[in-house]
Amino acid sequence: MRALLTRRWFVALAAAGALFLGARAGGPAAQEKKPPADEKVSFEKEVAPILAANCLECHSGDKAKGKLAMTGRAALLKGGRKGPAISLDKPEESLLLLAVSHEDALKMPPKTKLPQKEIDVLTRWVQAGAPWPDGVVVTAKEKERVITDEERNYWAYKPVKRPDVPAVKNKEWVRNPVDAFILAKLEAKGLTPAAPADRLALIRRATYDLTGLPPTPEEIDAFVKDKSSDAYEKLLDRLLASPRYGEKWGRHWLDVVRYAETNGYERDGAKPFAWRFRDYVIKSFNDDKPYDQFVKEQLAGDEMPGYNPDAIIATGYYRLGLWDDEPADPELALYDEFDDIVATTCQVFLGMTMNCARCHDHKIDPIPQKDYYRMVAFFRDIPRYSNTRNTSSAANLTDITPPKERAPYEEELKKREARKAEVEAAMRKIEDEVIKTMPAEDQRAAEGLDRPLVVAKLPKYWTREQEKEYDRLKKELATLKDKPVPARELALSVNKCLVNPPATHVLLRGNAHSPGAQVEPAFPTVLGVPAPKIPTPEKDAKSSGRRTVLANWVASKDNPLTARVIVNRLWQHHFGRGIVATTNDFGKFGTGPTHPELLDWLAAGFVQGGWKIKRVHKLLMLSQAYQMSSKANDAAMKADPANSLFWRFNMRRLTAEEVRDSMLAVSGKLNLKAGGPSVYPPIPKEVLAGQSVPGQGWPVSPPDEAARRSVYVHVKRSLLVPILSQHDQADTDSSCAVRYTTTVATQALGMLNGQFSNEQAAALAERLGKEAPNDLEAQVRRAIRLTTGRTAGAEEVKRDVAFIKALQEKSKLNDADALRCYCLLALNANEFVYLD
Amino acid sequence: MNHSQFCGRTRREFLWETGAGFTGLALTGLLSADGFFDNKASAGEIKTKFVNPLAPKKPHFPAKAKSVIWLFMYGGPSQVDTFDYKPKLYPLDGKTIDIKTFGRGGHKNEGRVVGPKWKFQQYGQCGKYVSDLFPNLATCVDDLAFLHSMYAESPIHGSALLMMNCGRILSGNPCLGTWVTYGLGSENEDLPGFVVMLDGKGGPISGPKNWSCGYMPAAFQGTVLRADATPIHDLELPPGMTQEAQRELLDHLRQKNEEHLAERKDNTELAARIASYELAFKMQQHAPEAVDFSKETKETLELYGIDQAKTAPFGRKCLLARRLVERGVRFIQVYSGGGHNDDNWDAHTDIVKNHTFHAGNTDKPIAGLLKDLKRRGLLDSTLVVWGGEFGRQPTAEYAQGTGRDHDSAGFTMWLAGGGIKGGVSVGATDELGNEAVEDRFHVKHLHATILTQLGLDPNKLTYFYSGLDQKLVGVEGAEPIKQIIA
């Protein structure tokens, strides 16, 4: 039944949408004559609610009952099978009034008669000629979504309770409780876990998992030779302490928070200081910042007391999404921006697809549409990214200069800026006056980037008075600009938030122009948490305080979702898939946990352990499950080919960043400089040709800067670095919880013929020449060692040398080209781009 | 209620979304076991199993069109100066009238009419009025179906381009070519299944976002193709490499990879990666052949205007489009116009200069393409689409000049071939050509029509993402434009 109703609502909206658009620009043709408006009846306030609550559920859309649609005046006049619903000539005989009176055979609404007051409203309205203002859309009132006990008892919404560690037969195999949970399920199925991985596979796996880089031959040797019982634990401690760790795990977080450094759309302009957010994330992981604090800083860092630049930078979280600087419908764009925040926040922190409830109740999960707008209400104090086309705005930048340095300048600066604005406005006014007298081409050009060229033509058109005044202003401006400006540190963030945000309404059918009932900030109904009390803002408050309330709830130990969601992500990036594979969706549309008890055991321990992430890494990596080989056995392959019970370790391809960083590492070109503004590695001109202004927004960095880790490469929404995009880097337009691993021919072309891989092959060849001069065999051995970590076999070396010789002799390549070709091969090998 | 029934969600979406542990390739293997895809791809000599994500798949129902050529007139051609004949507009030239418009200049309630700057004449058996801008294309009208009542949700280039290509004004969604290759794969594994040819002036606004796979795997995104010696990026051998040496390299690489695979036989990703190198090698051989026009006759080259400097660039792209269709490429998009301002159809200041230039560059090549497809019997199975991201207003944008602002409330597109009726015109704008008033068609109806002709049900072609069964035509669905379907 619900589905049927819903379908009708859809249709109603489709028709409504057309109506809305139609009202926008009624051309000179076919303007209907309007009846006189009757002041006594307000259509919107009195009539529309009656229609919405009682009529439209059945009488709308293309399956309207009795073929009568009641979605507009014309439809009512046209009527359905029984004829027009409203008669303008004899209003009192209108079928509509007859039906609602319940005095005739046709009784509407069929079950219960409307209250007399409402019948009177309808009567007066029909008598007044049934006025229906242009553009007003009325849709059926949605029924309150009832949440059942069964829905409340869904596993993800119930409190986390630490389960007992299960008993297993093969106690030997268990190194820590994680293993008991895994083994219990395997034993139940009669499956045997895979043998331990060899030392090389293990150090390669652990090093990539924690740092995103290959272990060096020296690191491998040290580990393989270390026979002490805690050699592996020491390895983990070393890797967790490495600054490279934050660069690897920060990248996982940047994926889910849709990190990009530009706004998308036509101009795809750069977000100022977005890189500080990236550095903040990396530092937070490196410092092992408690996750609850990490959450609170991103959601409400600006509301934290005192001078706390990291917390301000963290609120850049809200500014990372798409921003249309020229929306066709600004109201819609505003709600699209809230939607980006609600969708991201609920998926990332809570594993809830709240975004599915923007237009209607969630189809599967117990999330009423109201809950969506209650969530919007939490964010209602955040002003738009910018109100002009300028990518920097007072709302998205905060001065994080230390107060001591800032104070003396501030007063002076304020005065100076105010005067500058005045002068500029005065100049602009003169310019505009003069431009109006110029030809159309110039007028148009003046609206865009070419304005300076048009301004240069002013002298041809202006009066002497205009000239004199303009010159005077220009001089003053130059003086103001020449004065030294104190260096300021700015951060992409939320700023100028509203202490008293406007009311938030449910939007009927998600239509930004059809506000429904007003709502207040509240947590998802299904969780049964009482509505929060938002404290009255202090006198000097800079925001509404709502987000702190939200953040405290998200990051509370009682929240059933937060800890489960994050430990699941940690598991995902160590074991190849989450315990819940749909890591952004813990709802019924998601896959559900394969090991629910393990998930809860981890989540509970995580909170008890102070929300510390490095502790979980160590726990997971010290398990026998993590140290298993990826080798298959026939019985398990047959019983569980997808490895849903984790009977072996999952092989994985390197991520996009790991592919690029590893090539740089092996070639010896990798620059490990950390932090700061992003870098721009060269992009071939064929790729730049796809831009509307080829090369725009991509100032190529010098070679050593271009050779920095991929996490420091500028993330431009409309222009991707080929080697990264070919290997499935995250799409940044929305939260990316799971990367794809696709394999296509154009990827192989890039690896074989692409500029980047060939440059790295050349650098590797050069490195081999230096490290093993004039010894082809040694060069081959070194190449294999560097790219696979393995010591090459004698037969293998012989064959590879023969291959190089053949290139020289048969294919007539010179020695250098032949070695380069061999290095290219080494970088293309599956063994290089796959772990295990 | 049965959840899987409700959204038609099956194992396939789960796997796509969770990604990890299953690659697109391994996955398509699973999918074919589901009987969802009919795949016949193989990897030449390679013994190991390889399933190309672009392997041809069965449509939902028998297809009328096998391929699509989308001629994208970027910037927005003016309907009243091209195919939407408005005789009442001529005498109003220069007069300021009450008219509601919405363009990049914002909402306006009045405007100075710019009368159509070209004469219209009737052509063909259908007697279609076409402006003098298209003397060649006008001779093809009996094969074309005109949609005069198109409308879109944004009169701003960036979002309107996204809408026309990806169905929504918001960034991040897969484009039509992605949906088509996701649904059908491509017939020729030696060439990309979805290609985009750009204007020499550059890409459209937002560049690659217009041929982006959005939230789908990268295998389905468009590949930029050039009608010159190196049609695909990274196709050319790097300096110092020869073809023989590369073959040697590939053979040796395969040997190494197969040894590596021997102990990991159950991992289909590794096999897929081995095969992808063979495909890449084949692509290197076949793609240059596709752009090699040396076997085309002089008459054919002239038909496309390749013998004349003005029409040669677009003519080459049109001819290449035909050659790609012959080679089984599924979806081909060709841009007329690139970059900004008058480098595309965005005629804000001087409609005569702008449209004379762009129509002059494309009229003959497009007519040549249609005629060539027809005489080779390809038009029946090739759907050709023409149009911009929106149209232009009947009134001027500035106090002076003949430029027109954007108009997304009503504009014209046409389709031809691929089971589309010829010589028909459906829908209408008001008498000034400002706004669609009869049989209004949203962009999603155009998309639904294209998918339908390809044998895909627009309301059933779904992809599970972000908690929703996503569709190109939106959650509410859309019907194809039946009036133009033969």
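Mentor: Helices here are DSSP runs of H or I with at least four residues, strands are runs of E with at least two, and both are numbered from the N terminus. Keep in mind that this is a predicted model, where local features need pLDDT of at least 70, side-chain atom pairs count only at pLDDT 80 or more, and totals for chains, interfaces and linings use all residues. Residues are numbered from 1 along each chain as its sequence is written, chains are lettered from A and ligands numbered from 1 in the order in which they are written, and side-chain values use heavy atoms, with hydrogens and water left out.

Now find helix 9 of chain B, residues 312–326. Its 15 residues reach 21 Å from first C-alpha to last, close to the 21 Å expected at 1.5 Å a residue. Just after the helix, Gly328(B) takes a positive phi of about 85 degrees.

Zoom out to chain B: it has 11 helices and 19 strands, and buried residues make up 67% of its 486 residues.

Chain B also touches chain A, with 115 residues from chain B and 109 from chain A in the contact (heavy atoms within 4.5 Å). About 9,400 Å² is buried between them, with carbon and sulfur atoms giving 59%; that area is the accessible area (1.4 Å probe) the two parts lose on being put together, summed over both. The rule finds 10 salt bridges across this interface, each a side-chain nitrogen of Lys or Arg within 4 Å of a carboxyl oxygen of Asp or Glu. One of them joins Lys631(A) and Glu263(B), with the closest N and O atoms 3.9 Å apart. Several elements of chain B give two or more residues to the side that touches chain A, including helix 1 (3–7), strand 2 (96–103) and helix 6 (243–262). Helix 6 of chain B gives the most, with 13 residues.

Conventions:
Expected span 1.5 Å × (residues − 1). Buried < 20%, exposed > 50% of the residue type's maximum accessible area, 1.4 Å probe, protein only.
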